[in-house]
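Open the model in your viewer and keep the selection tool at hand. We will go stop by stop, and at each one you will hear what to pick and what is there.

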Amino acid sequence: MNITIDVKENDMLIEAMVSGEIDAYTAPKLREELFPLTEKEGVEMVVNLSEVSYMDSTGLGVFVGVFKNVRANNGKFKIVGLSDRLKRLFEITGLADIIDINSGIEGGVQ
């Protein structure tokens, strides 16, 4: 399965729409796309996973790294659009207590 990452930058707001599966094969592409964007000081990054059908621990590792880089540069990081399955993955690993996950998509009905 492939992964598609659509990034929109608007000043200090970075929105990334991820589609497909995030696993050991696709996580390096995700990391390659997102990590350079975390270097900006004070950036606000929102990653939408509403089109992600599967994610394993490799994907979680990418998001932990991105989160740490954004925070190290005084930015904000949020994940939106999580399915119940993905939300549960963040919850059982304890990452839901650290990373801002929002199962709804901003602007929509939550």
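**Before you start**

This is a predicted model, in which local features need pLDDT of at least 70 and side-chain atom pairs count only at pLDDT 80 or more, while totals for chains, interfaces and linings use all residues. Residues are numbered from 1 along each chain as its sequence is written, and side-chain values use heavy atoms, with hydrogens and water left out.

**Stop 1: two helices**

Select residues 27–34, helix α1, and residues 57–72, helix α2. Helices here are DSSP runs of H or I with at least four residues, strands are runs of E with at least two, and both are numbered from the N terminus. Two packed helices are described by the angle between their axes and the distance between the axes. For α1 and α2, the axes come within 9 Å and cross at roughly 15°. The axes are lines fitted to C-alpha atoms, for helices over the stretch in contact, and angles run from 0 to 180 degrees between N-to-C directions.

α1 and α2 are therefore roughly parallel to each other (angles under 35 degrees count as roughly parallel, over 145 as roughly antiparallel, 65 to 115 as roughly perpendicular and the rest as oblique). The crossing of α1 past α2 is right-handed, meaning that the near helix is turned clockwise from the far one by less than a right angle.

Now show side chains. Which residues of α1 and α2 meet? On the α1 side they are Ala27, Leu30, Arg31 and Leu34, and on the α2 side Thr58, Val62, Phe63 and Val66. The residues of this contact divide into 6 nonpolar, 1 polar and 1 charged. Here Ala, Val, Leu, Ile, Met, Phe, Trp, Tyr, Cys and Pro count as nonpolar, Asp, Glu, Lys and Arg as charged, and the others, Gly among them, as polar.

**Stop 2: Val62**

Stay in helix α2 and pick Val62. Is Val62 buried or exposed? Val62 counts as buried because its relative accessibility is 0%; buried means under 20% relative accessible area, exposed over 50%, and partly exposed in between (1.4 Å probe, protein chains only). Leaving out residues up to four places away in sequence, Val62 touches Ala27, Leu30, Arg31 and Phe35, where contact means heavy atoms within 4.5 Å. Draw a distance from Val62 to Ala27: they are 35 residues apart along the chain, and their C-alpha atoms are separated by 6.8 Å.

**Stop 3: the nonpolar core**

In soluble globular proteins, nonpolar side chains tend to be buried together. In this model, the largest nonpolar core has 31 residues. Such a core is a set of buried Ala, Val, Leu, Ile, Met, Phe, Trp, Tyr and Cys residues joined through side-chain atoms within 4.5 Å. Highlight Ile22, Leu49, Phe63, Phe77 and Phe90, which have the most contacts inside this core. The elements giving two or more residues to the core are β1 (3–10), β2 (13–22), α1, β3 (44–55), α2, β4 (76–80) and α3 (84–92). Of these, α2 gives the most, with 6 residues.

Centre on Phe77 next. Beyond its neighbours within four places in sequence, Phe77 is in contact with Met45, Val47, Phe63, Val66, Phe67, Val70, Ile99 and Asp100.

**Stop 4**

Pick Thr38, in the loop between α1 and β3. Thr38 counts as buried because its relative accessibility is 0%. Residues up to four places away aside, Thr38 touches Met45, Val66, Asn69, Val70 and Asn73.

Then go to Asn48 in strand β3, which is buried with a relative accessible area of 12%. The C-alpha atoms of Asn48 and Met17 are separated by 4.8 Å.

**Stop 5: out to the loops**

Select Asp11, in the loop between β1 and β2. Asp11 counts as exposed, at 63% relative accessibility, and its phi is near 60°, a positive value in a residue other than glycine. Finish at Asn74, in the loop between α2 and β4. Asn74 is exposed, with a relative accessible area of 58%, and its phi is near 60°.
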